[in-house]
Amino acid sequence: MPRKDIAVQPKERAKPKLERPRLYKVILNNDDYTPREFVTIVLKAVFRMSAETSNRVMMTAHKFGKAVVVVCAKDIAETKSSEANDLAKEASFPLLFTTEPEE
Ligand code: TYC
């Protein structure tokens, strides 16, 4: 039989809820010099995009100034972005990928 003289306290949460780690966007920035084909080559090689997707993302940056390439964990965003920037540097193009936290 449950005792009526003892107030039962709700159990403290054993596992405090963890904040989800913030996600990061990799941004493709437009410039006037990098050939369109080179941009799509980098998108396919580094971000494993299909020809169709890489062309769509490249054209978005070309028309609007920038395009979101991928949203992922910070370390992956930074690694992919530097890999892509390294390819651009090797080829002496000013193509630039940047990362920023998602709102
Ligand atoms: N604007 C470049 C050109 O006309 C092509 C380009 C597209 C460059 C997207 C960068 O992120 C970029 N050759």
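Residues are numbered from 1 along each chain as its sequence is written, and side-chain values use heavy atoms, with hydrogens and water left out. Because the model is predicted, local features need pLDDT of at least 70 and side-chain atom pairs count only at pLDDT 80 or more, while totals for chains, interfaces and linings use all residues.

**Overall fold**

The protein contains three helices and three strands, taken as DSSP runs numbered from the N terminus (helices: H or I, at least four residues; strands: E, at least two). Their order from the N terminus is β-α-α-β-α-β. Of its 103 residues, 29% are buried, where buried means under 20% relative accessible area, exposed over 50% and partly exposed in between (1.4 Å probe, protein chains only). Among contacts with a separation of 6 or more, 72% join residues 24 or more positions apart; a contact means heavy atoms within 4.5 Å. The accessible surface is about 8100 Å², and carbon and sulfur atoms hold 54% of that (Shrake-Rupley method, 1.4 Å probe; for residues, only the protein chains shown count as cover).

The expected span of a helix is 1.5 Å times one less than its number of residues.

| Helix | Residues | C-alpha span, first to last | Expected span |
|---|---|---|---|
| α1 | twelve residues | 16 Å | 16 Å |

In α1, the buried residues are F38, V39, T40, V42, L43, V46 and F47. Their cover includes β1, α2, β2, α3 and β3. After α1 comes R48, with a positive phi near 55 degrees.

Helix α2 buries S54, V57, M58 and A61. Down the helix axis these fall within an arc of 100 degrees, so they line one face of α2; the arc is that of the directions from the axis to the C-beta atoms. They pack against β1, α1 and β2. On the face turned away from the buried side sit the exposed residues E52, R56, K63 and F64. G65 follows α2, and its phi is positive, near 100 degrees.

**A nonpolar patch**

L23, V68 and V71 make up a nonpolar surface patch with about 210 Å² of accessible area together. Patch residues have over 30% relative accessible area and no salt bridge, and nonpolar side chains (Val, Leu, Ile, Met, Phe, Trp, Tyr) are joined within 5 Å, like charges within 9 Å. A salt bridge here is a side-chain nitrogen of Lys or Arg within 4 Å of a carboxyl oxygen of Asp or Glu. L23 lies in strand β1 and is partly exposed, at a relative accessible area of 39%.
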